[in-house]
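Reader: Hi! Could you walk me through this one?
Author: Happy to; here it is.

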Amino acid sequence: MIPNIIFIILLLFAILFFYRNVSVISRSINLGKKVNLRDKKLKRWKLMFNVAVFQSKMVSRPISGILHIFVYVGFIIVNIEMLEILIDGIYGSHRLFSFSGSIYTILISTFEFFALSVIIACIIFLARRNLFKVKRFWNKEMTLWPRSDAAIILITEVFLMSAILIMNASDSILQDRAVDHYVKVGAFPLSSLVIPLLDGLSTGTLIFLERFGWWFHIIGVLMFLNYIPYSKHFHVFLAFPNVYYTRLEPKAQMTNMPSITKEVKLMLDESFESQPDEENAEEVIFGAKDIKDLTWKNLMDSYTCTECGRCTSRCPANITGKKLSPRKIMMDVRDRLEFLSKRNTRKGLINKKDLFDFITQEELWACTTCNACAIECPVNIEPLAVILEMRRYSVLEESSAPALINTMFTNIENNGAPWQFSPEDRMLWAERLEVPILADKFNEDKKPEYLFWVSSAGAFDDRYKKVSREFVKILNHLKIDYAVLGTEESDSGDVARRAGNEMLFQMQAMTNIEMLNAYEVNKIIICDPHDFNTLKNEYPEYGGNYEVIHHTQFLRDLIKESKLKIDSDIFKEKKITFHDPCYLGRGNDEYEAPRKVLNTIPSIQIEMKHNKEFALCCGAGGGQMFKEAEEGDKEIFIERIEEAIETGADIVATACPFCMTMMTDGIKYKNKEGEIKNYDIAELVSLGLGL
Ligand code: SF4
Ligand code: SF4
């Protein structure tokens, strides 16, 4: 009776303490701004089952992924035995589930198999971290506490699982000796293997061992339960809701800032009258300075982070030695939140007054917005969301950005392009080519089927102007009904938005949309994946709804409809490798269109080590194209071109102006101009057609 009472008191105490801790975390998460992530329920459930329940993203790294799945499944299965232990503890019964007869042997065998698997997996994990020192577990942010936390959890799991096996082995011998209370309940196949070691012990010692194993396991589990809310292991609970509430928009689509929309509308449209927003009557802060400026989902992300470092190991900035580590961004958010909720009053946190005392400008501006971190994260965390909100605060509230970024803003404001070119020169790329202008067509009362959006890079970048030319040659050759905006086109605002200047972005977007709508544009073809993403995903927020097609998708469709065929064998002996642009691939999930086009060009296709969703960024996105790179070991474009060179390719194919610049610079840097060429897919098609 007394053991039962002690057990019930311990259990109640553990549950209450756990409830208290979870309530504090829940309140902390609710400090974040509101965001509605309750739509598309079916899609969310599917995602949760796929990513959280079936751990689909874990196996992208097979060894650690499979070991983790053993620990995860073991954790769930062994908890069924916990249920029996709990009921036995409350009622004083022994092995209550044994009423199931022969099924009990199967149950116990399964528990023991997974208990042993967990022990083996945890020992391998400990060895990987501490003996083999896998790099991602030893980055700067992995200070003593995060490393100890991981070790505490792994060692505890080894002890807890061992306790089950010792308990079962002792129980098995006691059953064989027909000791009172230990009735025969079936075979214990795995723990029986240690019976020879225990067989010589007295019955009293065995009863002690069996009881010790039982109490050690249950007390260990209750302590573990209450340790978890203080540890990165809280992800065992939060992974499921966190994946369920994943942002479902394309990864490259940035969230809107309605407060800026109101201001821009007031500036652009004198007849627009702003309505007082009672819900947000308090002072509006643009971007994020501290915890309350992030959304509750950003905060839940931080509590869900397992500190696995997969994101950091794929981050192009981190790989090339820069300070930015997406894992550290999430750990910093959690540290700040823990401090504000008074759960962590570590001395080092007291003097920090907001997130900028945790995350430096150097880290924020090293990000290429490539989304490799979000794709890699096994629990769908988005460190980029925090980075972009903090950039917005820096630019909009503090006017603080790298000098060259400010120059880029000024150029867009004055010239409608990120470089210092006159808007009047926007059509120079098309010299001596026949390129129809939309305004002329409109005056003739004609409505072309497609608008070719040339983009700032397509109009002004020396290398990419050639791509624009080759692309219109294809359009002309295939007699496509199209036109361009000519000098009326202005920058899409993409780079301004990624660099934090939401005001400038929305001004550009609304001005462009007004013109596109006036021309009744429906279908838009774009070579630049950044503008493709902006017009396709972000312009609808401001009334710009178009069918936006990337040029590789357009060419793929023409091939599918047998309107385009490339017979030339000029590339027949050439090895071509494709570099995935982040804003087309990870950002908009388009990996196949460029490959389908390449497959129809007689040539040899080869892939780089990192390709498709795991492709390495070229280093130009997120404003990097317009500023100096942060200090590191090497430039990102060099890392990427080295991968391309490793394949032995003759041609690096791209489908983005920024990637083109970076690959070209990389080839020059490596002095490989004689051996490897860089072409856009449009150029390869045009050359293949002999245009
Ligand atoms: S978006 Fe890319 S560069 Fe930025 S933190 Fe993530 S992985 Fe690193
Ligand atoms: S953000 Fe995701 S990938 Fe990065 S450390 Fe945390 S859990 Fe791992």
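Reader: Which helices each supply at least two residues of the shell around ligand 2?
Author: Those are α11 (310-314) and α13 (326-340); helices are DSSP runs of H or I with at least four residues, numbered from the N terminus. This is a predicted model, where local features need pLDDT of at least 70, side-chain atom pairs count only at pLDDT 80 or more, and totals for chains, interfaces and linings use all residues. Residues are numbered from 1 along each chain as its sequence is written, while chains are lettered from A and ligands numbered from 1 in the order in which they are written.

Reader: Nice. Which one gives the most to that shell?
Author: α13, with three residues.

Reader: And which residues come nearest to ligand 2?
Author: Cys305, Cys308, Cys311, Arg327 and Cys377, out of 15 residues around ligand 2. A residue counts as near if its C-beta atom, placed from the backbone, lies within 6 Å.

Reader: Switching topic: what are the domains?
Author: An automatic or database assignment gives domain 1 (2-236), domain 2 (258-274 + 284-403), domain 3 (417-560) and domain 4 (575-689).

Reader: How many residues does the contact between domain 3 and domain 4 take from each?
Author: From domain 3 there are 29 residues, and from domain 4 there are 28, with contact meaning C-beta atoms, placed from the backbone, within 7 Å. On the domain 3 side, α21 gives the largest share, eight residues.

Conventions: Contact = placed C-beta atoms within 7 Å.
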